[in-house]
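Colleague: Could you walk me through this model? I would like to talk it over with you.

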Amino acid sequence: MKRFLSTLSIIISFTILGACAPDSRDEGSKVKTTYEPQKPVVVNEDGYRIARGATRVQDMSVNFDPQTKSMSLRGKIEFLSTKGGVVESRNLDLSGILSADGFINLQNHRRDHPTNETVRIAAKATCLSGEGTCHSSFIDIYVYAEGIVYHHQIESHQEVKEDEKTSDSGKDKEEKKDQKEETQTDDEDGLESEGGADEVEGEPGQYIGSVKEDIESLLNVIPEAPKKEEPKKGEPKKEEPKTGTPPKKDEPKREEPKKEEPKREEPKKDEPKKDEPKTETPAKPEIKKVSQAIGPVNNGRLENAANMLSYEQNHQPAGFHIIRPQRLTHFATNEMAYIISQMGKLTQQQIPGYQLSVGDISREAGGKLGSHKSHQNGLDADVAFYFNNKSFQGYFASAVAVDKPHANWMLEQQWKLFKSVVDTQLVDRIFIHKVLKKALCDLAIKNDELHRDRNDGLAQETLRRLIPDADHHNHFHIRVKCSSAQVRCRQMAEPAQGSGCF
């Protein structure tokens, strides 16, 4: 009993201490833990047993050298053994070189590192900064011990020194100057008027990435094959039926007459052989890189963006319309591009001839956009509501009139649109005014789609993702999730369970 209480006290104290932010040894490197559950959890993923919440880091220092494109990670990691309940500690001294894809594999390259060490440690840095730099990153640390992979995630922000800031070429300075002037023009043009407060609702969740690939490449660990169950002693082994065609009965062999093979005509001497036409191997089509939403929606950027204005122009009628193209805020991830195109198609089906008005999405390279708090990595878009009066179409008109829905707001068509996009399972949240959400709740209850004592179905899931917000009375703000292809994207935590209607 004493041993049990001792182990329990270790677990409790370790969990409490683990919630503290790790210290930083260098002033220029701000490090914090990005993912740490309240208690240790062990899950099976792709054949591996992965423990999260059983680790903590101390005196962590991350340093990226822009000259050599190298990163070093130093500090200490502690992990709570899931088998013995004992806290083990290991010093970290890892380093690696930035790859062209924006990642750094961090390994222990010290000569005095013990080769008989039973615990393997490695890390992977995913760079969030601009191309060729890694001053801002999140780092996955992996510890492999006794068949368990302990996973810890930290986020690092290293302050850029003044000499690095001024080392840009003249061309880069001009581009930054033009971008700054463009931003000021946009703000003067009323860019912030349509976005409202754009609160980033919800806590930041994990970064997206393939833990399996990291384990195999960094730790060189192969998942254990599932053990076959052997029969207990005294029980006869079951004979497995052999697969294949059943044996045939012995039949007398019949001699089949030999077929005379036609003689092949050989080319006569002095006659040149006919040249066969050469087949040319078709050239491989160029594959466009997958769009990358990098970082969170309120502090990120965008790579290889989809141009929704070009899409609209090349797919007439598209069913949607970019209403202010001069702002250059019509760039999206592939997932957001798909959602907008699907909304356009559904609009054509529901209301022939109608065009859904689309406002700000993101800049081509992402980043800060006017007074928006989000819209920084191509995952957010502002879209107008449906109105059956043409005088309200083509811009962002308010769908709320004195604490009730506007008489011209198309309630049922809007409800079908929201259900359709949520059904793709790509949508994270949709921000709308609380008055409009209440009207949608009442419609779902009236249509017998939503029940107080049931917590499932498309209607419930749609209403769960409809987040009430006072500033979204003249448009709805749709946000899509990070996809598995966007490994440098930080996904927001899921919205609370329940429809929010009762």
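Here are a few questions and answers on this predicted model.

Colleague: Is strand E21 largely enclosed by the rest of the structure or open, and why?

Modeller: Let's take the faces in turn. On one side sit Phe476, Ile478 and Val480, and on the other His477 and Arg479, all of them buried. Because five of the five residues of E21 (residues 476-480) are buried, the strand is largely enclosed by the rest of the structure.

Colleague: Nice. Which residue in E21 is the bridge partner of Ile430?

Modeller: Strand E19 (residues 427-432) runs antiparallel to E21, and four bridges join them. E21 also pairs with strand E18 (residues 380-383), again antiparallel over four bridges, and there Asp380 stands opposite Arg479. For Ile430, the partner in E21 is Ile478.

Colleague: And the helices: how is H7 oriented relative to H8, roughly parallel or roughly perpendicular?

Modeller: H7 (residues 411-422) and H8 (residues 434-446) pack with axes 11 Å apart, at an angle of about 85 degrees. Angles of 65 to 115 degrees count as roughly perpendicular, so H7 and H8 are roughly perpendicular.

Colleague: How many nonpolar residues does the contact of H7 with H8 have?

Modeller: Leu411, Glu412, Trp415 and Phe418 in H7 meet Ala439, Leu440, Leu443 and Ala444 in H8. By class, that contact has no polar residues and one charged residue, and the nonpolar count is seven.

Note on methods:
Residues numbered from 1 in each chain as written. Predicted model: local features only at pLDDT ≥ 70, side-chain atom pairs only at ≥ 80, totals over all residues. Heavy atoms only, no water. Axes fitted to C-alpha atoms, helices over the stretch in contact; angles between N-to-C directions. Helix = DSSP H or I, 4+ residues; strand = E, 2+ residues; numbered from the N terminus. Parallel < 35°, antiparallel > 145°, perpendicular 65-115°, else oblique. Contact = heavy atoms within 4.5 Å. Nonpolar A, V, L, I, M, F, W, Y, C, P; charged D, E, K, R; others polar. Buried < 20%, exposed > 50% of the residue type's maximum accessible area, 1.4 Å probe, protein only. Pairing = 2+ DSSP bridges.
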